[in-house]
Amino acid sequence: GKRFLAEARWRTRPGRFRWVEIRVQRGNDSAIVGALVDIDRLKRRALSFERAAQRDEMAKLCNRNEFERSLESLAKQNRDFAMLFLDLNDFNFINDELGHQTGDELLRRVGERLQKCVRRGDMVGRLGGDQFGVLITGPRAASRIKDVEDRIHTAIEFPFTIARCTFTISVSIVAVDGLSTGASPTELWEAAEQAMYRNKRKSRPKHTTDAAS
């Protein structure tokens with residue numbers, strides 16, 4: 001064609017890059033004119049907005065939209081994966097009795113603990129409210145479900161100390177083997193939510209007002 005337009009990272013020195021736009025045009029006389037345009041500031045701002053749209057800033061995890069996109073991508077590629085759907089038990093009790101700031105901090109710490117329960121390449125997301133999701137990926141993902149579930153229960157049920165208050169919570173987990181079911185992402189999602197609704201167990205958290213040691 002007569003015109004070429006692309007974006008690229010230009011290495012300015014080892015370990016440092018700037019975004020540039022490459023513009024090339026061929027004239028009627030076969031002469032070629034090209035230019036490099038510095039778009040680093042605009043590109044970095046756009047990437048920052050894009051990352052923000054994919055993140056849940058409270059829990060420092062991916063948000064529901066990004067989690068669903070990853071789930072859909074895994075299903076379309078027919079890759080081996082499993083999904084865990086998590087719901088904190090009696091989270092409303094924490095908010096009502098200890099305050100929303102404590103509840104928000106609890107969600108952030110739960111996110112930290114969940115990330116330590118999975119491998120590199122797996123995904124942890126906050127789906128909204130006190131609900132979280134985990135995508136287990138890689139060969140024989142279904143065989144890792146039990147191990148990951150055990151890790152999560154152990155991590156979440158370890159006492160939390162927030163604002164001089166120590167308490168314990170529990171979590172309900174529904175697991176779905178994505179590859180073996182052959183279901184669509186929407187069907188997997190609905191199945192997980194329905195199973196959670198059926199299996200949800202109430203567990204009142206214990207709490208004290210002892211200062212953190």
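**Close-up 1. Asn63, a buried loop residue.** Asn63 has a relative accessibility of 14%, so it counts as buried (buried is under 20% relative accessible area, exposed is over 50%, and partly exposed is in between, using a 1.4 Å probe and protein chains only). You'll find Asn63 in the loop between strand E5 (61–62) and helix H2 (64–76); helices (H or I, at least four residues) and strands (E, at least two) are DSSP runs, numbered from the N terminus. The Asn63 side chain reaches the backbone nitrogen of Asn65 at 3.3 Å. A polar atom of that Asn63 side chain also lies 3.0 Å from the backbone nitrogen of Glu66.

A word on the model: it is predicted, so local features need pLDDT of at least 70 and side-chain atom pairs count only at pLDDT 80 or more, while totals for chains, interfaces and linings use all residues. Residues are numbered from 1 along each chain as its sequence is written, and side-chain values use heavy atoms, with hydrogens and water left out.

**Close-up 2. Arg23 and Glu21 in a salt bridge.** Side chains of opposite charge can pair when their charged atoms come close. Here the closest N and O atoms of Arg23 and Glu21 are 2.5 Å apart; a salt bridge is a side-chain nitrogen of Lys or Arg within 4 Å of a carboxyl oxygen of Asp or Glu. Glu21 is buried, at 14% relative accessibility, whereas Arg23 is partly exposed at 42%. The structure holds 11 salt bridges, and this pair is one of them.

**Close-up 3. Arg108 and Glu112 on helix H4.** These two side chains meet in a salt bridge, 2.5 Å from N to O. Why are Arg108 and Glu112 separated by about one helical turn? Because they sit four residues apart in helix H4 (residues 100–115). Arg108 is partly exposed at 26% relative accessibility, and Glu112 is partly exposed too, with a relative accessible area of 38%. Zoom out a bit and both belong to a network of salt bridges that links Glu105, Arg108, Arg109 and Glu112.

**Close-up 4. Asp150 and Lys146 on helix H5.** The side chains of Asp150 and Lys146 meet in a salt bridge, 2.8 Å from N to O. Asp150 and Lys146 are four residues apart in helix H5 (residues 145–157), so about one helical turn separates them. Is Lys146 buried or exposed? Lys146 is exposed, with a relative accessible area of 53%, while Asp150 is partly exposed at 36%.

Technical notes. A polar contact is a pair of N or O atoms within 3.5 Å; within protein, one must be able to donate a hydrogen and the other to accept it, and residues adjacent in sequence count only if both atoms are side-chain atoms.
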